[in-house]
Amino acid sequence: MNTYISYLYLLSPLHTGGTSQEGNIVGIARESHSDLPYMSASGIRGKLRASTPENQRKSLWGNTLEDVQQRGDENLTQGSLWIGDSAILWFPVPSLSHGIVWVTSQFLLRRWLRLYNQFLSENQQLSLPAIGSCSLGRVKLYLKDAIFQPQQLNTWTEWRRYIPANNQITQTIDKVLVLSDADCQTLIQTSLWRQVRVNLGEGKVLADNAGFRYEEAIPPETLMYFLWGTTSTTNGTSETVCNDLKNIFSSQRNWQFGGQESLGRGLVELWNN
């Protein structure tokens with residue numbers, strides 16, 4: 001089974017619907033084991049399927065329940081492609097001293113490296129950087145809700161090798177820091193985008209149950225990635241199938257995921273490894 005990595009660079013806030021709502025905060029989808037935001041494979045797959053030429057949809061993605069009920073197909077069939085969930089790799093955090101600093105953790109890097117290193121030769125393999133590795137060197141760093149003293153940071157000279165290439169947009173990431181898992185999770189939680197909304201009735205007046213609510217989203221400038229590959233149904237045509245999906249990727253530069261298209265939410269730049 002062939003496996004590939006594709007990347008998403010967020011151009012606008014991304015809201016992926018979750019099941020949690022605490023008080024007046026509308027939550028986003030989170031990984032059950034890490035509680036970190038993510039985008040489900042079904043959301044990515046649905047958008048890619050809709051962007052696939054109609055004559056290729058069944059072969060690449062399989063048929064649908066509607067095909068069985070209304071178009072004469074006997075059974076649901078598996079397509080030639082599978083799509084995985086999208087996870088965070090680098091997350092932007094406001095800094096009072098350095099503008100924006102992109103953070104990650106050893107946990108986030110470790111699970112990316114075990115996939116990414118498969119595409120590298122043995123002498124090019126990337127190792128896991130230490131906690132406190134920072135592209136700025138040993139400086140006093142003020143992040144949102146956190147202050148790091150110079151002795152807590154280490155100069156990291158090879159950090160650019162940990163930023164996916166093949167797209168110039170990643171050059172925006174110019175200051176990076178590796179945090180402990182706990183610190184990274186806390187800063188991600190406190191740096192999520194929160195949009196204030198209020199219920200309106202007819203005529204755009206306040207509804208009877210009007211009240212403020214806050215909708216969470218993953219902020220712009222976040223770098224995410226997802227796995228994809230071919231299923232056993234390809235039967236020797238996996239290279240052709242993979243090229244078909246790569247052509248779909250290149251059919252448009254910017255994509256929209258997660259709904260709220262009319263609000264300009266969920267705009268991303270997508271590219272293959």
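Me: Which backbone oxygen does the side chain of S191 reach, and at what distance?

Reply: This is a predicted model in which local features need pLDDT of at least 70 and side-chain atom pairs count only at pLDDT 80 or more, while totals for chains, interfaces and linings use all residues. Residues are numbered from 1 along each chain as its sequence is written, and side-chain values use heavy atoms, with hydrogens and water left out. A polar contact is a pair of N or O atoms within 3.5 Å; within protein, one must be able to donate a hydrogen and the other to accept it, and residues adjacent in sequence count only if both atoms are side-chain atoms. The side chain of S191 reaches the backbone oxygen of L187 at 2.8 Å.

Me: Is S191 buried or exposed?

Reply: S191 is placed in the loop between α5 (181-190) and β11 (193-198), with helices (H or I, at least four residues) and strands (E, at least two) taken as DSSP runs numbered from the N terminus. Setting aside neighbours within four places in sequence, S191 is in contact (heavy atoms within 4.5 Å) with F91, P92, V93, P94, K144 and P219. Relative accessible area under 20% means buried, over 50% exposed and in between partly exposed (1.4 Å probe, protein chains only). Because its relative accessibility is 8%, S191 counts as buried.

Me: How far apart in space are I188 and I218?

Reply: I188 belongs to helix α5 and is buried, with a relative accessible area of 1%. Residues up to four places away in sequence not being counted, I188 touches L36, P37, F91 and L108. I188 and I218 are 30 residues apart in sequence, yet their C-alpha to C-alpha separation in space is 9.0 Å.

Me: Why do the buried residues of α1 lie on the same side of the helix, and what arc do they cover?

Reply: In α1 (residues 41-50), the buried residues are A41, I44, L48 and R49. They lie on the same side of α1 because they cover an arc, taken from the directions from the helix axis to the C-beta atoms, of only 130°.

Me: Which residues are exposed on the other side of α1?

Reply: The cover over the buried residues of α1 includes α2 (54-61), α3 (65-70), β4 (81-95), β13 (223-230), α6 (238-250) and β14 (254-256). On the other side of α1, the exposed residues are S42 and A50.

Me: Where does E221, with its positive phi, lie?

Reply: Most residues other than glycine have a negative phi. E221, which is not a glycine, has a positive phi of about 75°. E221 counts as partly exposed because its relative accessibility is 26%, and its place is the loop between β12 and β13.

Me: Is D145 buried or exposed?

Reply: D145 lies in the loop between β7 (141-143) and β8 (146-148). Its phi is near 65°, a positive value in a residue other than glycine. With 60% relative accessibility, D145 counts as exposed.

Me: How many charged residues are in the lining of the second largest pocket?

Reply: The second largest pocket, of about 150 Å³, is lined by R49, E54, R57, K58, T64, E66, D67 and R71. Its largest lining share, three residues, comes from α2. Ala, Val, Leu, Ile, Met, Phe, Trp, Tyr, Cys and Pro count as nonpolar, Asp, Glu, Lys and Arg as charged, and the others, Gly among them, as polar. The lining has no nonpolar residues and one polar, and its charged residues number seven.

Me: Which elements give two or more residues to the lining of the largest cavity?

Reply: Among the residues lining the largest cavity are P13, W193, Q195, E215 and R265. The elements giving two or more residues to that lining are β11 and β12 (212-217).

How values were computed: On a 1 Å grid over the protein atoms alone, a cavity is a set of points where a 1.4 Å probe fits but cannot get out, and a pocket is an open set with protein on both sides within 12 Å along at least five of seven lines; lining residues have an atom within 4 Å of a point. Grid points are joined across faces, edges and corners, and a volume is the space filled by probe spheres set on the points.
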